[in-house]
Amino acid sequence: MKKTLEQLRKETPGCLKRIHFNNAGTALSPQPVVDVVQDYLRLEQEVGGYEAETLKSRELESVYSSLARLVGCSPHEVAVTQNATRAWDMLFYAIPLEPGDKILTCRSEYASNYIAFLQRCRATGAEIVVLVNDETGAVCPESLLAHLDAKVRLVAINHIPTNSGLIQPAEELGALLKEHPAFYLLDACQSVGQVPLDVTRLGCDALTATSRKYLRGPRGVGFLYCSSDWLAKLEPPFLDLHAATWTESDKYEVRKDGKKFETYELFVAGKLGLGRAAEYALEVGEQASSRRLVELARRTREGLHELPGVTVRDIGRNQGGIVTFTVEGWKPAELRQALFEREINIWTCTVRSARLDMEARELEEVCRASLHYYNTEDEIEEFLITLKGLLR
Ligand SMILES: Cc1ncc(COP(=O)(O)O)c(C=O)c1O
């Protein structure tokens with residue numbers, strides 16, 4: 001990494017007080033990100049919100065170049081939204097669907113996305129096809145090939161699910177979709193900041209992400225990438241006076257760049273914080289930080305495997321920083337509370353957030369310890385010792 005661990009932890013004051021293994025929920029923001037947000041809020045307080053925005057217009061515009069550098073696209077292909085779900089919705093609801101059209105997705109799909117599939121299929125007569133998993137639990141690329149016909153309008157996959165260490169073979173799927181006209185929408189909510197992303201390499205037409213998770217930005221903000229080709233084809237499901245211009249009393253013109261998916265009003269301080277978080281991720285070095293967090297998660301799984309009554313629930317050949325497990329004699333939410341009282345943050349995922357996957361594996365709820373590059377081997381040790389002490 002381009003910063004030392006000591007530097008990284010010094011810039012993350014929260015990790016001096018608690019062990020934060022909830023980076024898939026919200027990571028701890030580094031001080032430079034918090035400074036940008038606080039300074040902007042102070043400026044708003046001093047000069048007024050609109051006036052602050054005008055004074056910081058250059059910095060606000062540079063958020064697009066930072067995000068573009070992070071995912072390897074052009075700044076005009078980026079939109080800043082209030083979260084990952086709305087970013088995803090703006091793209092998904094823009095895809096025209098007719099009776100018999102197909103949406104291909106994966107078993108690990110996130111609840112909000114799947115609910116949107118159900119809603120639109122009910123309204124349009126389109127169908128959802130869930131691709132088959134391989135023996136490790138990842139989407140099987142052959143299953144994609146088997147279903148790829150003229151009726152497929154959309155392939156929507158999550159890169160890293162909320163409820164397991166799995167990293168889906170997004171790049172492999174992108175290569176298979178290269179010649180197919182379907183829209184390839186990648187939910188990169190958990191992967192941005194966790195693994196290096198490059199939209200050309202991934203071969204996706206669009207990607208959606210959030211600020212608060214592995215990217216370590218503030219809450220209440222997210223972003224999307226949409227390729228220039230698809231930007232020209234898609235009409236956003238909602239428009240306002242920022243996304244479009246009211247040119248005559250009965251006419252409007254939609255913007256041509258990614259901002260057509262934005263709304264006028266947004267958490268502006270958060271937008272600046274998101275840009276700073278993207279810069280920070282680039283400063284730390286994405287390859288090295290990803291390698292480190294994956295290794296920390298691997299060690300955690302290894303340690304958990306050795307504890308009696310603990311079952312690691314991660315699937316997939318390729319695994320990232322999210323570690324899921326269950327513990328005999330403990331309800332996940334109760335264990336989370338017991339660890340919280342001992343200065344350790346983990347989270348839990350229920351069947352409601354990824355129903356297809358959890359039901360197939362007969363899981364109602366799992367514990368989730370999600371590690372970041374600023375976590376340490378000592379923290380893993382302490383977590384395992386504390387957990388061992390709690391075993392019944
Ligand atoms: C895989 C995945 N997709 C989408 C989302 C939604 O993100 P947001 O809460 O920013 O809308 C989440 C949130 O946990 C997620 O884990």
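## A walk through two domains

Start by colouring the protein chain in two parts: domain 1 covers 5-28 + 285-390, and domain 2 covers 32-283. These bounds come from an automatic or database domain assignment. What you see is a predicted model, where local features need pLDDT of at least 70, side-chain atom pairs count only at pLDDT 80 or more, and totals for chains, interfaces and linings use all residues. Residues are numbered from 1 along each chain as its sequence is written.

Next, look between the domains, whose C-alpha centres lie 26 Å apart. Domain 1 gives 35 residues to the contact and domain 2 gives 29 residues (two residues are in contact if their C-beta atoms, placed from the backbone, lie within 7 Å). On the domain 1 side, select helix H12 (286-305), strand S12 (322-327), helix H14 (355-360) and strand S15 (365-370), the elements that give two or more residues to it. Helices (H or I, at least four residues) and strands (E, at least two) are DSSP runs, numbered from the N terminus.

Now select strand S2 (residues 78-81). Which way do its residues point? Val 78 and Val 80 point one way, Ala 79 and Thr 81 the other way, and all are buried (20 or more other C-beta atoms within 10 Å of their own, with C-beta atoms placed from the backbone).

Finally, show the ligand. Of the 13 residues around it, Asn 83, Ala 84, Thr 85, Thr 162 and Thr 210 come nearest (a residue is near if its C-beta atom, placed from the backbone, lies within 6 Å).

Methods. A residue is buried if 20 or more other C-beta atoms lie within 10 Å of its own, exposed if 12 or fewer, and partly exposed in between; C-beta atoms are placed from the backbone.
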